[in-house]
Amino acid sequence: MAGKLISTGLRHTTLPGNYVRPISDRPRLSEVSQLEDFPLIDLSSTDRSVLVQQIHQACARFGFFQVINHGVSKQIIDEMVSVAHEFFSMSMEEKMKLYSDDPTKTTRLSTSFNVKKEEVNNWRDYLRLHCHPIHKYVHEWPSNPPSFKEIVSKYSREVREVGFKIEELISESLGLEKDYMKKVLGEQGQHMAVNYYPPCPEPELTYGLPAHTDPNALTILLQDTTVCGLQILIDGQWFAVNPHPDAFVINIGDQLQALSNGVYKSVWHRAVTNTENPRLSVASFLCPADCAVMSPAKPLWKAEDNETKPIYRDFTYAEYYKKFWSRNLDQEHCLENFRNN
Ligand code: OGA
Ligand code: NI
């Protein structure tokens with residue numbers, strides 16, 4: 001049944017029909033490969049030019065990379081993971097107080113992706129929060145578990161700094177001023193999705209999250225260190241991004257693809273399920289200010305003869321975000337709607 005949480009605490013023994021994908025749209029898990037050369041970038045490196053070069057290669061080739069020595073302490077990461085587990089282990093009654101399927105709500109516990117738009121549901125429950133400015137939203141956040149607000153505030157503040165560091169490296173790696181992205185993105189919003197994928201009786205028939213690209217600027221993902229599930233699409237082939245202890249997975253969102261004039265890609269990714277263990281991930285999304293105008297950086301498209309034009313038209317983030325949530329995930333890249341003719 002759509003609109004029901006699946007994190008019941010009881011093991012599901014059969015997959016309800018509304019989660020079963022048509023044969024042409026199944027994960028085909030045996031065809032997924034391991035990525036041998038997936039970039040692992042050490043943010044504590046003191047050689048800036050090497051770091052910038054690593055970022056460039058990672059963003060141009062994969063749109064995804066992992067970072068270590070990012071400055072967020074192991075303690076706060078462990079606390080974030082355990083409070084998230086605690087949250088999803090609460091009673092259904094407690095959780096349903098926060099349930100909503102309205103994507104415009106700033107704090108909500110929901111299931112699947114967009115239950116009002118989709119035909120087939122996804123094997124995921126998720127808590128979505130707005131995290132910046134914290135004082136504006138913290139009163140809406142769950143008051144249980146009791147330590148939730150304190151831990152999530154600290155975690156989201158620290159992750160924001162990691163995101164800013166990476167935006168600087170990304171700006172430099174495109175040959176732009178260090179603070180280029182920061183300026184263009186305006187006062188960035190920050191959203192969090194705490195994703196919970198219970199063990200699934202039929203991982204070959206359904207997704208935790210189907211293939212999608214992230215609509216925001218930059219995503220900083222903390223994934224469960226013991227359970228695999230994230231996969232990315234490179235040259236038409238799905239690859240598993242297995243968790244590295246202590247690392248965040250970073251990916252370019254649609255807005256950085258637009259600002260980089262397509263030099264960096266917002267890559268398709270998905271989450272698959274497994275029969276054995278619940279999987280948790282915490283995605284932090286840095287988002288442009290609503291009124292920020294997304295305009296491909298001029299040095300990346302303007303040829304000397306003045307003949308070229310950027311591949312995307314200018315748009316505001318508010319316009320983009322509305323478009324994104326009006327769709328189902330099983331559609332073309334949302335940026336295609338903003339392409340210049
Ligand atoms: C997301 C996402 C992947 C994961 O929340 O946008 O892609 O591994 N999550 O949960
Ligand atoms: Ni995503």
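In the protein chain, 77% of the contacts with a separation of 6 or more are between residues 24 or more positions apart. Bear in mind that this is a predicted model.

Next, the make-up of the chain. I count 8 helices and 15 strands. The radius of gyration is 19 Å, close to the 20 Å that the globule rule gives for 341 residues, so the chain is as compact as a globular protein of that length. Along the principal axes, the C-alpha atoms fill a box of roughly 65 × 45 × 40 Å. As for burial, 55% of the 341 residues count as buried.

Now the surface and the charges. The accessible surface comes to about 15,000 Å², and carbon and sulfur atoms account for 51% of that. There are 36 positive and 43 negative side chains, with the centres of the two sets 4 Å apart.

On to the annotation. An unreviewed UniProt entry places a domain, "Fe2OG dioxygenase", at residues 188-288. Over that stretch the chain is 45% strand and 6% helix. The end C-alpha atoms of residues 188-288 are 5 Å apart.

Where is G253 found? In the loop between β11, residues 248-252, and α7, residues 254-259. Is G253 buried or exposed? Its relative accessible area is 0%, so G253 is buried. Apart from its neighbours within four places in sequence, G253 is in contact with D214, N216, A217, L218 and S266. By way of reference, S156 is 97 residues from G253 in sequence, and their C-alpha atoms are 18 Å apart in space.

How values were computed. Residues are numbered from 1 along each chain as its sequence is written. Chains are lettered from A and ligands numbered from 1 in the order in which they are written. This is a predicted model: local features need pLDDT of at least 70, side-chain atom pairs count only at pLDDT 80 or more; totals for chains, interfaces and linings use all residues. Side-chain values use heavy atoms; hydrogens and water are left out. UniProt positions are given in the numbering used here, feature names are shortened, and annotations may be inferred rather than shown by experiment. Helices (H or I, at least four residues) and strands (E, at least two) are DSSP runs, numbered from the N terminus. The radius of gyration is taken over C-alpha atoms; the globule rule is 2.2 Å times the number of residues to the power 0.38. Buried means under 20% relative accessible area, exposed over 50%, partly exposed in between (1.4 Å probe, protein chains only). Contact means heavy atoms within 4.5 Å. Accessible areas come from the Shrake-Rupley method with a 1.4 Å probe; for residues, only the protein chains shown count as cover. Lys and Arg count as positive and Asp and Glu as negative; His and the chain ends are not counted. The place of a charge is taken as NZ of Lys, CZ of Arg, CG of Asp or CD of Glu.
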